[in-house]
Amino acid sequence: MSDSFSLTDLEAIVAARAAADAGASYTRSLLDKGIGKCAQKLGEEAVETVIAAVSADREALVAETSDLLYHLLVVLKARGVSLAEVHAELARRTGQSGLAEKASRPAG
Ligand SMILES: N=c1c2ncn([C@@H]3O[C@H](COP(=O)(O)OP(=O)(O)OP(=O)(O)O)[C@@H](O)[C@H]3O)c2ncn1[C@@H]1O[C@H](COP(=O)(O)O)[C@@H](O)[C@H]1O
């Protein structure tokens, strides 16, 4: 399973669990607390990922990145944004260097 498991699979799990009973699902209980709590958890996991990266703890970095991606998908679900929209934006950006994009921005 892990070989083919993707963020799209996790997005589908989050969507299914959003319709579950809050007592049986962390996802549903988090969504019930509102976008503020979902976003707070995302921020916490981002900080924990940064700490794992800086401390060069490879195992922790994998674990914290997994928490971060899960909580990102919960926030996207809370805001009704699909992973397909994110994929489309990433695809739109391919072919342009990040440096070229930065240079094309208005000064300021
Ligand atoms: N990938 C995850 C995942 N990653 C992290 N977490 C949970 O995120 C929570 C946050 O971690 P913390 O250490 O901050 O926990 P905490 O202090 O208890 O959290 P809060 O009380 O602050 O919310 C933990 O309870 C983790 O279990 C996840 N919960 C669910 N999933 C996926 O979602 C699926 C559905 O889960 P349920 O919605 O619970 O059925 C699971 O099978 C997984 O595939």
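Predicted model: local features only at pLDDT ≥ 70, side-chain atom pairs only at ≥ 80, totals over all residues.
1. Local features need pLDDT of at least 70 and side-chain atom pairs count only at pLDDT 80 or more, while totals for chains, interfaces and linings use all residues. Residues are numbered from 1 along each chain as its sequence is written.

2. Helix H3 (residues 35-54) and helix H4 (residues 58-78) pack at an angle of about 160°, their axes 8 Å apart. Helices are DSSP runs of H or I with at least four residues, numbered from the N terminus; axes are lines fitted to C-alpha atoms over the stretch in contact, and angles run from 0 to 180 degrees between N-to-C directions. H3 and H4 are therefore roughly antiparallel (over 145 degrees). Among the residues in this contact are Cys-38, Leu-42 and Ala-46 of H3 and Leu-61, Leu-68 and Val-75 of H4; contact requires C-beta atoms, placed from the backbone, within 7 Å.

3. H1 and H4 pack at about 55°, with axes 10 Å apart.

4. Around the ligand stand Ile-13, Arg-17, Ser-25, Tyr-26, Thr-27, Lys-41, Asp-67 and Tyr-70, each with its C-beta atom, placed from the backbone, within 6 Å of the ligand. Helix H1 (7-18), helix H2 (26-32) and H4 each supply at least two residues of this shell.

Methods. Parallel < 35°, antiparallel > 145°, perpendicular 65-115°, else oblique. Contact = placed C-beta atoms within 7 Å.
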